[in-house]
Amino acid sequence: MKIIRTKADLRALTESWRRAGETIGVVPTMGALHAGHLSLVERACAENDRVIVTLFVNPKQFNNPEDLAKYPRTEDSDAEKLTPYGADILYVPDGAQMYPEGFATTVSVTGVSEGLCGGARPGHFDGVATVVTKLFLQCDADRAYFGEKDYQQLQVVIRLAEDLDLKTEIVGCPTVREDDGLAMSSRNLRLGPGSREIAPVIAQVLDDAARVISRGGQVAQALDNARAALLSAGFDTIDYLELRSDPDLKLMTRADRPGRLFLAAWLDGVRLIDNVPVAGLASVPTRKDHPLEPA
Ligand SMILES: Nc1ncnc2c1ncn2[C@@H]1O[C@H](COP(=O)(O)OP(=O)(O)OP(=O)(O)O)[C@@H](O)[C@H]1O
Ligand SMILES: CC(C)(CO)[C@@H](O)C(=O)[O-]
Ligand code: BAL
């Protein structure tokens, strides 16, 4: 696997692959690779002739300077972890390659980017949409691979690829979890040992709430119970815990169609996110069954 740092070197390679009629898959990352990322790389290698993994900690998607400063940077071990997978290139552009002086364009997606992480991290999805559009074009990508752990991001990217008539097909991949259920995430590295033990409560409360809701239980009550369980386990703040329809991410107050529960919460100064599917009910309980449920 070659490490490439400039757009010009990348272009020379992608053009030679194109001349040979080869397909190109891209896996955008911010590094600190774990088995979640590697599952995307494995799939990309199975479905494309050539694979580019990108590593760029994108300043435009961080609304919190401390979060950006503390983001893990582990290029050498990332390159080592990728070696057995057969990716062709690790593309590591710097800020000047991505945002040269005078850069003045933002890609902004409405609708699916609103609320959830878009509400809690103002400007975040503009930064993501702008950088992934550039990465798809720089890599001349036929396919791009994204994890469902960042489900709202996946929907934002699907929308922008369709709206901008990009040729890149967006492939969503399931969330990879630790044995105790915690969704793998680069930010997990920042949890102390005590917090690491508490963190899987996120997956447990989401699973419990999803089960209650898909059996017809009241959404508001299930979410209140989940919030109480998180706070008593030691989480400091809950940015959001919401039921949204899937895939348009509209707020739902009952599971009358397929939906997802979305959660972002702070533990030990680290912001963790997760989501789980909620099956739509075949027969929807009426307002009479649940008089306290909001309409
Ligand atoms: N546990 C996971 N399972 C599947 N895909 C994942 C997982 N974690 C991250 N990804 C995907 O990997 C890609 C790159 O993500 P990123 O580099 O931000 O890693 P991350 O672990 O999500 O880090 P962060 O701590 O910033 O959330 C994204 O498409 C993301 O959805
Ligand atoms: C897609 C992405 C690499 C864009 O910077 C980032 O948001 C991420 O790692 O999920
Ligand atoms: N995993 C999404 C990238 C971010 O948190 O900024």
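Colleague: How many residues of domain 1 are in contact with domain 2, and how many of domain 2 take part?

Modeller: In this predicted model, 13 residues of domain 1 are in contact with 15 residues of domain 2. The word contact is used because the C-beta atoms of the paired residues, placed from the backbone, lie within 7 Å. On the domain 1 side, α6 and α8 each supply at least two of the touching residues, and by class that side has eight nonpolar, three polar and two charged residues.

Colleague: What are the bounds of domain 1 and domain 2 in the domain assignment, and how far apart are their C-alpha centres?

Modeller: The assignment for the protein chain gives domain 1 as 2–173 and domain 2 as 186–278, and the C-alpha centres of the two lie 26 Å apart.

Colleague: How do you know what span to expect of α8, and what does the helix reach?

Modeller: The expected span is 1.5 Å times one less than the number of residues. Helix α8, residues 151–163, has 13 residues and an expected span of 18 Å, and the distance from its first C-alpha to its last is close to that, at 18 Å. The residue that follows α8 is D165, with a positive phi near 55°.

Colleague: Which residues of α8 are buried, and what do they pack against?

Modeller: The buried set consists of Y151, Q152, Q153, Q155, V156, V157, L160 and A161. These buried residues pack against the helices α6 (116–120) and α7 (124–139), and also against the strands β5 (143–147), β6 (169–173), β8 (259–267) and β9 (270–278).

Colleague: Why does Q153 count as buried?

Modeller: A residue is buried if 20 or more other C-beta atoms lie within 10 Å of its own, and Q153 has 25 such neighbours inside 10 Å, so Q153 counts as buried. Q153 is found in helix α8, and once its neighbours within four places in sequence are left aside, Q153 is in contact with V128 and F146.

Colleague: Why is Q61 called buried, and where is its place in the chain?

Modeller: The reasoning rests on the cut-off of 20 or more C-beta atoms within 10 Å: Q61 has 22 C-beta neighbours inside 10 Å and therefore counts as buried. Q61 is placed in a loop, between β3 (50–55) and α3 (65–70). Not counting residues up to four places away in sequence, Q61 touches H124, G127, V128 and V131.

Colleague: Which residues does the UniProt annotation "binding site" cover, and what makes them a cluster in space?

Modeller: According to UniProt, in an unreviewed entry, the annotation "binding site" covers Q61 and Q153. Although they are spread over 93 residues of sequence, the largest C-alpha distance is 11.3 Å, and they cluster in space. Q61 and Q153 also surround ligand 3, together with M30 and D150. By class, the shell around ligand 3 has one nonpolar, two polar and one charged residues.

Colleague: How does the reach of α7 compare with the span expected of it, and which of its residues are buried?

Modeller: α7 has 16 residues, and its reach of 22 Å from first C-alpha to last is close to the 22 Å expected at 1.5 Å a residue. The buried residues of α7 are H124, F125, V128, A129, T130, V131, V132, K134, L135, F136 and C139. D140, with a positive phi near 55°, follows α7.

Colleague: T106 touches part of this region as well, but is T106 buried or exposed, and why?

Modeller: A residue is exposed if 12 or fewer other C-beta atoms lie within 10 Å, and T106 has 12 C-beta neighbours inside 10 Å, so T106 counts as exposed. T106 lies in the loop between α5 (95–98) and α6. Not counting residues up to four places away in sequence, T106 touches D126 and T130. The C-alpha atoms of T106 and D126 are separated by 6.5 Å, although the two are 20 residues apart along the chain.

Technical notes. Residues numbered from 1 in each chain as written. Chains lettered and ligands numbered in written order. Predicted model: local features only at pLDDT ≥ 70, side-chain atom pairs only at ≥ 80, totals over all residues. Helix = DSSP H or I, 4+ residues; strand = E, 2+ residues; numbered from the N terminus. Contact = placed C-beta atoms within 7 Å. Near = placed C-beta within 6 Å. Nonpolar A, V, L, I, M, F, W, Y, C, P; charged D, E, K, R; others polar. Domains from an automatic or database assignment. UniProt positions renumbered as here; feature names shortened; annotations may be inferred.
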